[in-house]
Amino acid sequence: MLNEKERLLAILQGEDVDRPAVICPGGMMSAATTKVLEKFGDRFHSDPGLMAEAALAIRQTTGFENLGVPFCLTVEAEVLGSRVDPGDASVEPLVTEYGAATLDEMLNLPAPSFQRDGRLSIVTDAIGLLAEKSEGTPIIGNITGPISLATSIMDPMIFFRLMGKEKQGVHRVLDRLIDFLVLFAREQIRAGAHVISIADPSATGDILGPANFRAFVVPGLNRLAAEIRRAGAGCIIHVCGRAGTIVDEFNDIGSAALSFDSVVSMKKVRDRVPGPPLMGNLSTHMLHTNTPEKINRATRRNMESGVEIVSPACGISLSTPHENLRAMTDTVKGL
Amino acid sequence: MHKKETVLADMARAVVDMDETAAAKLAETSIELGVDAYTGINDGLVKGMNIVGEKYDNEEYFIPELLLCSDAMTAGIDVLRPHLPVKEQKVKEKIVIGVIQGDTHDIGKNLVKIMLETSGFEVVDLGRDVAPQKFVDTAVEVNARLIGLSTLMTTTMGKMEEVIRLLEDQGIRDRFRVMVGGEPVSKGFADRIGADAYALNGTEAAKTALELVATF
């Protein structure tokens with residue numbers, strides 16, 4: 001019998017296993033609900049001990065087969081000049097002020113220190129603490145995808161215009177951001193993360209379209225996934241939104257499991273992208289508002305769609321009832 | 001050399017081609033040729049933007065293209081506006097829009113803004129993470145009759161309902177039409193909270209807003 005860690009890592013290596021894994025990676029796709037978080041005061045985003053404790057409590061309460069930190073998508077933007085409202089147990093951290101107004105300003109941002117700046121070391125320290133307690137459970141570290149990071153440092157409406165007007169400059173900025181993301185992923189892996197999950201909610205097919213996605217997103221995700229594998233960890237890439245126009249592009253992204261939103265048919269993805277393991281994609285709206293019985297049935301249908309990893313389709317609502325998440329994880333485990 | 005007949009088509013083309021400089025230059029040419037500014041806007045620039053809207057709906061154009069086309073249209077309008085006769089600068093229908101409190105995703109809302117402006121509305125954009133009371137206060141203050149609420153996050157949907165409750169509590173619900181939109185929102189949700197309409201996307205929002213104006 002495989003333990004949770006062996007199963008997930010085998011799946012990410014493309015091996016056949018006994019059953020799908022059921023996870024919620026963390027980051028933008030965190031299962032940190034208000035009910036769990038309110039037990040930890042208001043420093044679970046900024047104190048490594050509390051972050052680790054909260055991650056353990058999430059696993060305990062929901063049954064997801066992983067530990068995942070951090071619980072937001074703002075750690076990187078914060079060390080690259082943006083102002084972040086830390087939120088609380090009922091509101092996720094939000095970028096409230098952008099760090100740069102031009103591509104030149106973005107290129108001139110000082111390189112962050114992994115020891116001193118923002119919450120970078122909070123995340124790696126929390127991973128270190130989890131590594132001591134995580135026997136048999138995979139630890140998933142999370143990074144913000146390059147386009148989402150860029151549009152958390154600069155107003156997306158300006159950045160998207162520049163994609164059309166100053167392609168070279170945009171490429172240079174993205175390359176620099178990816179350099180930093182590679183280093184952050186390596187730090188997390190060194191601290192004990194077994195898997196790195198990349199979420200890039202601003203890089204959707206609906207927003208960018210296939211041509212921009214091919215030019216600006218595919219090369220970056222490829223490089224990130226390759227570097228993460230080279231550093232010895234598994235890799236997951238989450239894609240938000242309708243993916244119909246960009247699905248075929250994923251044939252050019254090697255070595256990462258692919259996670260899609262609930263509007264995407266996993267069967268169709270499987271037909272068009274036969275290679276990588278697929279993860280997904282229970283509607284977060286359903287998880288929030290439906291009954292455990294309905295979630296049980298939806299989870300079964302989800303498993304029949306051929307996914308190797310069952311997970312929520314996107315970031316879940318902070319007020320999602322635990323019984324619903326339990327219904328999902330119990331169904332996959334056959335309990 | 002441009003003729004009157006071709007300059008309008010060329011203005012539309014400049015918008016579709018995302019060419020801000022050409023749109024402004026052609027707008028000047030149209031004035032020199034004696035095309036009236038109102039015709040230049042409607043049969044040139046806005047016509048181009050309508051083609052852009054179709055391309056967006058057909059998944060030929062996406063957000064980056066849409067933004068640049070809208071910039072080209074605005075550049076042309078800026079040239080033509082001072083040439084509009086005063087009677088044509090009629091009062092526009094106002095709509096207050098914004099992303100509801102707790103959410104900072106505003107790509108969809110910005111798209112709605114562009115489409116509403118293209119359809120002739122004066123848009124008062126409150127931005128993102130906007131408190132329910134702020135929608136109500138602003139609508140009253142600027143004398144708008146339409147309110148548009150957007151969200152991407154299921155967590156914030158309760159705040160949309162609050163806007164409607166606030167209007168009711170202040171006894172001014174009848175003076176406004178409220179429309180809602182965004183990824184987690186549906187027609188059913190709109191009905192449940194007592195909104196007047198639901199719109200799926202930017203182009204729909206513009207059509208829906210025009211329909212709502214007709215209900216006064």
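Visitor: In which loop of chain B is B:Asp129 found?

Guide: This is a predicted model, and the description that follows should be read with that in mind. B:Asp129 is found in the loop that runs between strand β2 (122-125) and helix α6 (132-142) of chain B. Its backbone deserves attention, for phi of B:Asp129 is near 60 degrees, a positive value in a residue that is not glycine. With a relative accessible area of 33%, B:Asp129 is partly exposed.

B:Asn143 belongs to the loop between α6 and β3 (146-150) of chain B. Phi of B:Asn143 is about 65 degrees, although this residue is not a glycine either. B:Asn143 is exposed, its relative accessible area being 62%, whereas the value for B:Asp129 is 33%.

Chain B contains nine helices and five strands, and along the sequence they follow the pattern α-α-α-α-β-α-β-α-β-α-β-α-β-α. The radius of gyration of chain B is 18 Å, close to the 17 Å that the globule rule gives for 216 residues, so chain B is as compact as a globular protein of that length. Taken along the principal axes, the C-alpha atoms of chain B fill a box of roughly 60 × 35 × 25 Å. Of its 216 residues, 52% count as buried. Among contacts in chain B between residues at least 6 apart in sequence, 73% join residues at least 24 apart. The accessible surface of chain B comes to about 10,000 Å², and carbon and sulfur atoms account for 50% of that surface.

Chain B is divided into domain 1 (4-88) and domain 2 (94-213). The centres of the two domains, taken over C-alpha atoms, are separated by 27 Å. Eleven residues from domain 1 of chain B and six residues from domain 2 of chain B take part in the contact between them.

B:Thr118 has its place in helix α5 (residues 107-118) of chain B, and at 10% relative accessibility it counts as buried. Leaving aside neighbours within four places in sequence, B:Thr118 is in contact with B:Val46, B:Met49, B:Asn50 and B:Met73.

In soluble globular proteins, nonpolar side chains tend to be buried together. The largest nonpolar core here has 140 residues, and the members that touch the most others are A:Phe71, A:Ile143, A:Phe160, A:Ile228, A:Ile237, A:Phe250 and A:Phe260. Helix α9 (residues 167-191) of chain A gives the most to this core, contributing eleven residues. Domain 1 (4-88) and domain 2 (94-213) of chain B both give residues to this core, so it lies between them. A second, separate core has 25 residues, including B:Val136, B:Leu166, B:Val178 and B:Ala190.

Not counting residues up to four places away in sequence, A:Ile228 touches A:Ile143, A:Ala185, A:Ile189, A:Ile196, A:Ile198, A:Ala233, A:Gly234 and A:Cys235.

A:Asn212 lies in helix α10 (residues 205-230) of chain A and counts as buried at 7% relative accessibility. The side chain of A:Asn212 reaches the backbone oxygen of A:Leu208 at 2.8 Å. Residues up to four places away in sequence not being counted, A:Asn212 touches A:Val217, B:Pro64 and B:Glu65.

Two loops of chain A complete the account. A:Pro70 has its place in the loop between β2 (67-69) and α4 (75-79) of chain A, and the peptide bond from A:Val69 to A:Pro70 is cis, with omega near -10 degrees. A:Gly275 is found in the loop between α11 (266-272) and β9 (278-282) of chain A, where it counts as exposed at 62% relative accessibility. A:Gly275 and A:Ala313 are 38 residues apart in sequence, and their C-alpha atoms are 20 Å apart in space.

Definitions and conventions:
Residues are numbered from 1 along each chain as its sequence is written. Chains are lettered from A and ligands numbered from 1 in the order in which they are written. This is a predicted model: local features need pLDDT of at least 70, side-chain atom pairs count only at pLDDT 80 or more; totals for chains, interfaces and linings use all residues. Side-chain values use heavy atoms; hydrogens and water are left out. A nonpolar core is a set of buried Ala, Val, Leu, Ile, Met, Phe, Trp, Tyr and Cys residues joined through side-chain atoms within 4.5 Å. Buried means under 20% relative accessible area, exposed over 50%, partly exposed in between (1.4 Å probe, protein chains only). Helices (H or I, at least four residues) and strands (E, at least two) are DSSP runs, numbered from the N terminus. Domain bounds come from an automatic or database domain assignment. Contact means heavy atoms within 4.5 Å. The radius of gyration is taken over C-alpha atoms; the globule rule is 2.2 Å times the number of residues to the power 0.38. Accessible areas come from the Shrake-Rupley method with a 1.4 Å probe; for residues, only the protein chains shown count as cover. A polar contact is a pair of N or O atoms within 3.5 Å; within protein, one must be able to donate a hydrogen and the other to accept it, and residues adjacent in sequence count only if both atoms are side-chain atoms.
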